[in-house]
Amino acid sequence: MDALGIEAFLAIIQTRSLTKAAELLHLSQSTVSYRLQGLERELGATLIERRKGVPTISLTPFGESFVSLAERWKLLKREIALLQSTGPQVRLTIGAADSLNVYVLPPLYQIFSQQCPSVRLQICTQHTMESYESMERKEIDVAFVKMERVTPGIVVEPFYVDEMVVVRRRGEERTPADIVSPLELDDRHQIYFNWGPSYQMWHDRWWDANSPSCLQVDVAALIFSLMWDARQWAIVPRSIAKACAQKDVFVVQRLSDPPPPRVCYQLTPKTPDPVKASAIDRLNQFVRLIYHEAKFR
């Protein structure tokens, strides 16, 4: 494909004028016209309508259809140039739950990107079941999820254990060292988030399951925006409390009878793509380095 001709064609489309296209490319108008004609000969079709006395150009039907192909060709050329300048790259696609992507996994992504520049990370935010399905279809290479499920062809291993803590507005009588009994917490002032079946079972032991809390949310970060009263409280994973609970506004406390910790799992294929196996092994090394302490505490 005539690279110079496509460049001239796209410049004409961008400026809607042969004269302005020549200025954009720092060429003479005759050179731009010559390159366009060469592209048209190669394609065997006219791309631009030539009408004397008309300052702006218009496309032929073939030209209209060719625009998207020319733009895709330009992007492909750019990717080829990047490959030539940086060498071969492996793309590693990771699927992860939103709360893990935001509050738990950034240190992993940072160190991996710094230490493995030849691997391009593609990070997808997915629901847990969507990650399982994507891995079965081989659309992702690794996943981090909030639920364990036995699935043929997938290795499921815990990588992070997140303690559940209570968050409240800071007060003179409240310190992080305090151990709070669930009996001290009034359900009428709860900001409730459903952390899963095991959490719900624990929750229903302490508070009436048929008595809805004052506020229910489906985005964890909302908890901290909606907690304006000293009587309000919420139970969240420590990773989220650490990221969102401003120390001068909130106090994070442990519970005397806490809910089960939130166990997070890593999914990897039993038989990984040979091209990506080395990158996955490297990622696993960083997972162990960063999350080993949290996993076994």
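Student: Taking helices as DSSP runs of H or I with at least four residues, numbered from the N terminus, which one gives the most to the lining of the largest pocket?
Tutor: In this predicted model, that is α5, which contributes four residues to the lining of the largest pocket. Along with α5 (98-103), the elements α8 (197-206) and β13 (262-269) each supply at least two residues of that lining.

Student: How many residues line the largest pocket, and which lie nearest its centre?
Tutor: The lining is made up of 29 residues, and those nearest the centre are Lys146, Phe193, Asn194, Trp195 and Arg262. The volume of this pocket comes to about 750 Å³.

Student: Switching to sheets, in what order do the four strands of the open sheet run?
Tutor: The order is β8-β12-β7-β11, with mixed pairing, and the edges are formed by β8 (179-180) and β11 (233-237), each of which pairs on one side only.

Student: And how many bridges join β7 to β11?
Tutor: Five bridges link β7 (residues 164-169) with β11, and the two strands run antiparallel; here Arg168 stands opposite Trp233 in β11.

Student: Last one: which residues of helix α6 are buried?
Tutor: In α6 (residues 106-115), the buried residues are Leu108, Tyr109 and Phe112. Because they cover an arc of only 95° around the axis, they sit on the same side of α6.

Conventions: Residues numbered from 1 in each chain as written. Predicted model: local features only at pLDDT ≥ 70, side-chain atom pairs only at ≥ 80, totals over all residues. Heavy atoms only, no water. Pairing = 2+ DSSP bridges. Buried < 20%, exposed > 50% of the residue type's maximum accessible area, 1.4 Å probe, protein only. Arc of directions from axis to C-beta. 1 Å grid on protein atoms, 1.4 Å probe; cavity = no way out; pocket = protein on both sides within 12 Å on 5 of 7 lines; lining within 4 Å. Points joined across faces, edges and corners; volume = space filled by probe spheres on them.
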